[in-house]
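Let's take a look at who touches whom here, and with what kind of residues.

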Amino acid sequence: MMAYILALGVWIAGWWLNVHLSHSDRSDTRFYSLLIPVIFGVTIIVMWEILVTMLEVSAVILPPPSMIAARFASSLNLLWADFQQTIIKGAMTGYVFGMIAAFAVAILADRSPFLTKGILPVGAFMAALPIVGTAPIFVKWLGSDWQSKAAVVGVMVFFPILVNTVAGLKDTSAMQRDLMRTYGAGYWPTLLKLRIPAALPFIFNGLKIATTLALIGAIVAEFFGSPTLGMGFRISTSVGQLALDMVWAEIIVAAIAGSTFYGLMAWLEKRVTFWHPSQR
Amino acid sequence: MMKNMMMAAALATGLTAAPAFADGHANTVTLQLQWVTQAQFAGYYVAKDKGFYDEEGLDVTILSGGPDIAPPQVLAGGGADAMLNWMPSALAAREKGLPVVNIAQPFKTSGLMLTCWKDTGITSVEDFKGKTIGVWFFGNEYPFLSWMSQAGISTDGGEDGVTVLKQGFNVDPLLQRQADCISTMTYNEYGQVLDAGVNPDELITFKYEEQGVATLEDGIYVLEENLNDPVFEDKMVRFVRASMKGWKYAEANPEEAAGIVLDNDETGAQTEAAQVRMMGEIAKLTAGSNGSLDEADFQRTVDTLLAGGSDPVISKQPEGAWTSVITDKALN
Amino acid sequence: MRTAFVTGCARGILMTRLNAIIPALTVVAVIVAFWTLCVIPMNAHLTADQAQREGMVLTPEAPRDRQELSGLSLALKNPAIIPLTYVQTRPRLPSPHQVVQELYDTVIDKKITSKRSLVYHGWVTLSATLLGFVMGTTLGIMLAVGIVYSRTMDKSVMPWAITSQTIPILALAPMIIVMLGAIGIQGLFPKSIISAYLSFFPVVVGMVKGLRSPDAMQLDLLRTYGTNSSQGFWKLRLPSSIPYLFASLKIGISASLVGAIVGELPTGARAGFGARMLVGDQYGQPMVTWAALFAAAITAAMLVAILSLIERQTLRRMGMGAA
């Protein structure tokens, strides 16, 4: 009973603080914009710690945040090695390949409206293939190492980036295209100087969506066969060994990696498409 | 936020309700299996379908397992009364703070083995050095790690060690030659390798029993605190008695048992041929046991695990990890 | 005169429908042709091993030597195995006709209530998908309304909604299932929770954008009418968010299906597409896996098509025209 009251108290305190900060004068500054979600997160963590320790929940089901933090701190080397295997070798490679393939197909499709109408439904079908089915097949074809994970990620990110690039390439107005023609620009200069820059807001939308997909794809693919390294490997074997604190430590790494990757894309977007209304 | 609140509420109610659930109903038993429905668990399905549980007045629910389900976790959460588990995994769970206790041991011998291509030149354990070996995890890696530790072979790869591959759920790593050897059960994966058209003379196998590093496999485990409840204990006595009756029936009638397993397979993807073969092999593993755990077998398993050198699965002799209380009452 | 008009209309409709379908069909045809060709090198090694066991003489003789060769060169050196690559029982890459045959077998040739029927398994997965989709959409809309109307929620919850999608659901799923199992909830609901987890986020993002889409002029107009906040919501914000909502729903239902399939793994892989994929993979029946894979993708495509139809009708009735 005490546990619930305490947890509720923490929740009310955290929420009140956030309400106060959100409505203050300085709520739009970068510092406050970061502080408020952090306070929210800290509130949840404190509530979690209180409920789990005071209600004596078995660590085999849900470990308290303190235990997870301890495990995180003591396993940095292992977590870093897993990170390199899964994110850098698996997810990043797949992301880059998927991106290049999507751009190539989008430019091809751009030259031919016939191809555009044909590719999009097929791409949608490919995107609908569930990863639980494609991952074992890729492992069968490419082995258990990072190559199969990169292939899974490539297939997953292909469609979102393709759809957005195609939409972006269409997004120039007739006046802009006419202007290029008056300058005597052929297809390729128009593409490079007008249509690709104009397409960038859409492209970045696709790239941002693809970041989370890439991460999840690489981790889930490792459930179906991997060397004894990698975040998905660590998560699935730790569940089997009842080392739930390790599972959560890996989840934290995934969350940090995913948010950083997404944030990186958002920052790049701001730099490159500074002229777009949504960035002003 | 709302989701987190819901989860917190569910968690809170769950934990206060969990003990209540375990000893709530005097005649209902929930059993958590280790994997999906297959003849490896025939005894329980036979006992249910042939009415042996009904004769004891029990209403039994059999929960199938699968990837991503850790039976000790389900037991800890109160989602089941009893679980099936391999002894190394159960002992490791005990050391982790989850007090599971073995109440019956239907499987006397181990069906675990490594299957290798003969043309890799492997003839003995020593030849594993420099090779790639597929190992399941999720509790099945302990016998392998123990064995390698005892043989003095490192599992970190390289010339003098073995490169370990986390095997998925099929035998493709061997067929596609991504691994030189894979872990197989005598009753399942080995047969599948043969089904894929491979001749037995192309393979060389290493049974853990013959290598002297076998550990006890499928046993019935419950939470220690529940055994203090006489209602629960009585329920388990009846359950074990009926389950062993189911096992002995399955051993004597493998085709019928395979048919019962197929009826209970909801995926519709199992085949009769594979299940009949599995039942035949399983019968060899359960043949020597009447359900009670032989202390010598227990000690042998513990010794194998403790001998695991630098990375032992368990660090000390387990106390109170098994009890004959249930089997004494059930089988006499 | 009238018949000519009617046939003219029919032809017109048929031509536009065909116009839309022909490009897709062409691309599909090209892909299927490419796929058919790829079967040969992909299955070459397995076929060669099998053929050798049955007595065929191959170049090179020893299996270990054959490992060095690529699939294509092996097939070219032993042309006799080429037709055999199309009828393997455990192929690395099944031929298109094998997939179609398996789909026909399990969808049309089996009774719908039989557990060997893909339709039965499709329904198991679909029921979890739909329930999860409804739950996820409701949660998403409620969160979106909260984010748009409460500054505190906007600043504190939205970043966490984004982070929630970076947490691999397959890691959380066992915990969710165990905790729900502890309070006796099993079966459909836990799978739906995983579906809901994956589908709420696109709905939140879409609805937030949509609820914020009325521009300043429209909001001012309502204020001159003296409407209060609630009327403003029902009469302006909600209707303008409908196009965004439908775009998100289409993404959400795909995600929901993926979630339901993923959810079948930690709940005992008993029935449904995911269970079929897993058991087929494990017990050496790749055709079962491939058929379930295609069936799942086809189901997703059908669900998105149904949503598109509903979207067109709804937007037309709301006067927003063809979108």
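## What counts as a salt bridge

A salt bridge here is a side-chain nitrogen of Lys or Arg within 4 Å of a carboxyl oxygen of Asp or Glu. By that rule, chain B and chain C share one salt bridge. Keep in mind that this is a predicted model.

## Where chain B meets chain C

The one salt bridge pairs Arg53(C) with Glu202(B), and their closest N and O atoms sit 2.7 Å apart. On the chain B side, helix 1 gives the largest share, eight residues. That side splits into 21 nonpolar, 21 polar and eleven charged residues.

Overall, 53 residues of chain B contact 45 residues of chain C. The buried area comes to about 4200 Å², with carbon and sulfur atoms giving 55% of it.

## Where chain A meets chain C

Here 49 residues of chain A and 44 residues of chain C make the contact. The buried area is about 4200 Å² again, but carbon and sulfur atoms give 81%. The salt bridge count is zero, and four residue pairs are in polar contact, both at pLDDT 80 or more.

Several helices of chain A each supply at least two residues to this side, among them helix 1 (2-22), helix 9 (187-221) and helix 11 (244-272). Helix 11 of chain A has the largest share, nine residues. As for make-up, the chain A side holds 34 nonpolar, twelve polar and three charged residues.

Note on methods:
Residues numbered from 1 in each chain as written. Chains lettered and ligands numbered in written order. Predicted model: local features only at pLDDT ≥ 70, side-chain atom pairs only at ≥ 80, totals over all residues. Heavy atoms only, no water. Contact = heavy atoms within 4.5 Å. Buried area = accessible area lost by both parts, 1.4 Å probe. Polar contact = N/O pair within 3.5 Å; in protein donor to acceptor, adjacent residues only side chain to side chain. Helix = DSSP H or I, 4+ residues; strand = E, 2+ residues; numbered from the N terminus. Nonpolar A, V, L, I, M, F, W, Y, C, P; charged D, E, K, R; others polar.
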